[in-house]
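Please keep the sequence and the 3D view at hand while reading.

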Amino acid sequence: MSSDVSEGGDPADAGPDDGGADGPSRAELQAQVTALQERVEELESGVVADDADGGKRMTIIATKGTLDMAYPPLILASTAAAFGWDVTVFHTFWGLEILHEERSKELQLSSVGNPNTPMPNLVAALPGMDRLTTELMNRQIDEVGTPTIAELVDTCLEMGVDLQACQMTADMMDYDEAEFYDEVTTGVGAASALSEMADADIQLLV
Amino acid sequence: MSTEYDIAETLDVKGLSCPMPVVETKQAIDTLDADEVLEVVATDRGSMSDIAGWADTTAGVELLDQSDEGDVFRHVVRKTA
């Protein structure tokens with residue numbers, strides 16, 4: 001390492017080379033220290049600037065459209081926005097149901113294969129059971145004062161969360177842009193989601 | 001805690017649960033001027049750690065006081081910038 005450093009230095013600034021010593025000269029060391037100090041100051045100012053505006057960026061990929069799974073991305077997104085973070089939620093596949101203004105108000109819970117519902121699968125598979133468990137969950141949600149999915153979507157948009165609808169899955173499900181909430185970003189795909197994730201401090205798949 | 005402060009505004013989020021106490025606290029703080037103090041009253045037990053965590057992580061706010069008054073949780077937050 002020391003020989004690399006001395007080769008890179010400017011001999012004019014290097015001062016007298018004391019007869020075959022291969023270490024860097026005092027002037028070279030001084031230059032390195034100055035460069036390092038400048039770099040540290042640059043990095044520190046970046047950190048301070050980050051802190052000042054809340055700094056962090058979060059990207060969530062929302063892929064589920066059942067009533068229970070629609071909540072986590074929206075709760076995290078609205079809370080992160082309250083922290084002053086820059087938040088993007090990229091909705092794909094069934095996650096699009098959350099952005100579909102009409103369908104977001106009718107999200108259902110699945111009773112079958114859900115060990116948290118208080119009924120065996122055989123009963124859960126009967127017609128009307130999803131409607132019943134959904135009704136029960138909606139009643140619970142109302143009782144504890146948790147907002148509805150539609151209210152959370154509105155809150156997120158109000159707080160500047162970028163809610164994005166994946167173009168490919170929107171086309172696949174034959175959804176029209178006009179069916180989404182007004183401020184939803186459309187015309188985005190996997191590449192833009194990845195580029196958001198690359199810049200984010202926190203990336204989540206829900 | 002016995003910090004001295006004048007409360008500029010009181011936000012009532014009684015009956016609301018996660019994430020609304022934090023979300024509405026942030027929205028109320030945004031309407032205040034620097035150095036003004038917001039009082040938040042909530043019934044959500046989770047608001048004790050949520051508001052503390054929010055204030056700790058968010059730039060421009062400082063948690064001055066928190067108290068558990070049985071069924072009501074009281075939080076006092078100063079807007080610092």
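## The sheet of chain B

In this predicted model, β1(B) and strand β2 (residues 37-42) of chain B run parallel to one another and are paired through six bridges. Within that pairing, B:Glu9 has B:Leu38 of β2(B) as its bridge partner. The two strands belong to an open sheet of four strands in chain B, whose order is β1-β2-β4-β3 and whose pairing is mixed.

Helix α1 (residues 20-30) of chain B touches β1, β2, β3 and β4 (72-79) of chain B, and the direction of the helix makes about 155° with that of β1(B). Helix α2 (residues 47-57) of chain B, in turn, touches β2, β3 and β4 of chain B, with a direction that makes about 170° with that of β3(B).

## Helix against helix in chain B

How far apart are the axes of α1(B) and α2(B), and at what angle do the helices pack? The axes are 10 Å apart and the packing angle is about 45°, which means that α1(B) counts as oblique to α2(B). The contact draws on B:Pro21, B:Val22, B:Thr25, B:Lys26 and B:Ile29 from α1(B), and on B:Ser47, B:Asp50, B:Ile51 and B:Trp54 from α2(B). Sorted by class, the residues of the contact of α1(B) with α2(B) are five nonpolar, two polar and two charged. The crossing of these helices, α1(B) and α2(B), is right-handed.

## The sheet of chain A

Chain A contains an open sheet of five strands, in the order β4-β3-β2-β1-β5 and with parallel pairing. Its edge strands are β4 and β5 (202-205) of chain A, each of which pairs on one side only. Neighbouring strands of this sheet are turned against each other by 20° on average, again with direction ignored. Helix α8 (residues 190-199) of chain A packs on the sheet and touches β1 (57-62), β2 (86-91), β3, β4 and β5 of chain A, while its direction makes about 145° with that of β1(A).

One pairing within chain A can be followed in more detail. Strand β3 (residues 162-166) of chain A and strand β4 (residues 185-188) of chain A are paired in the parallel sense over two bridges, and A:Gln164 has A:Thr185 in β4(A) as its bridge partner.

## Helix α3 of chain A and its two contacts

Helix α3 (residues 67-82) of chain A and helix α5 (residues 129-144) of chain A have axes that come within 11 Å and cross at roughly 35°. The residues that make this contact are A:Leu67, A:Asp68 and A:Tyr71 of α3(A) together with A:Thr134, A:Met137, A:Asn138 and A:Ile141 of α5(A). The contact of α3(A) with α5(A) divides into four nonpolar, two polar and one charged residues.

Helix α3(A) also meets a helix of the other chain, for the axes of α3(A) and α1(B) come within 9 Å and cross at roughly 30°. This angle makes α3(A) roughly parallel to α1(B), and α3(A) passes α1(B) in a left-handed crossing. On the α3(A) side A:Ser78, A:Thr79, A:Ala81 and A:Ala82 take part, and they meet B:Val22, B:Val23 and B:Lys26 in α1(B). By class, the residues in the contact of α3(A) with α1(B) are four nonpolar, two polar and one charged.

## Two backbone details

Most residues other than glycine have a negative phi, and most peptide bonds are trans. Against that background, a cis peptide bond joins B:Cys18 and B:Pro19, with omega at about 5°; B:Pro19 lies in the loop between β1 and α1 of chain B. In chain A, the phi of A:Asp174 is near 60°, a positive value in a residue other than glycine, and A:Asp174 is located in the loop between α7 and β4 of chain A.

Technical notes. Residues numbered from 1 in each chain as written. Chains lettered and ligands numbered in written order. Predicted model: local features only at pLDDT ≥ 70, side-chain atom pairs only at ≥ 80, totals over all residues. Heavy atoms only, no water. Axes fitted to C-alpha atoms, helices over the stretch in contact; angles between N-to-C directions. Contact = heavy atoms within 4.5 Å. Nonpolar A, V, L, I, M, F, W, Y, C, P; charged D, E, K, R; others polar. Pairing = 2+ DSSP bridges. Parallel < 35°, antiparallel > 145°, perpendicular 65-115°, else oblique. Left-handed = near helix turned anticlockwise from the far one by under 90°.
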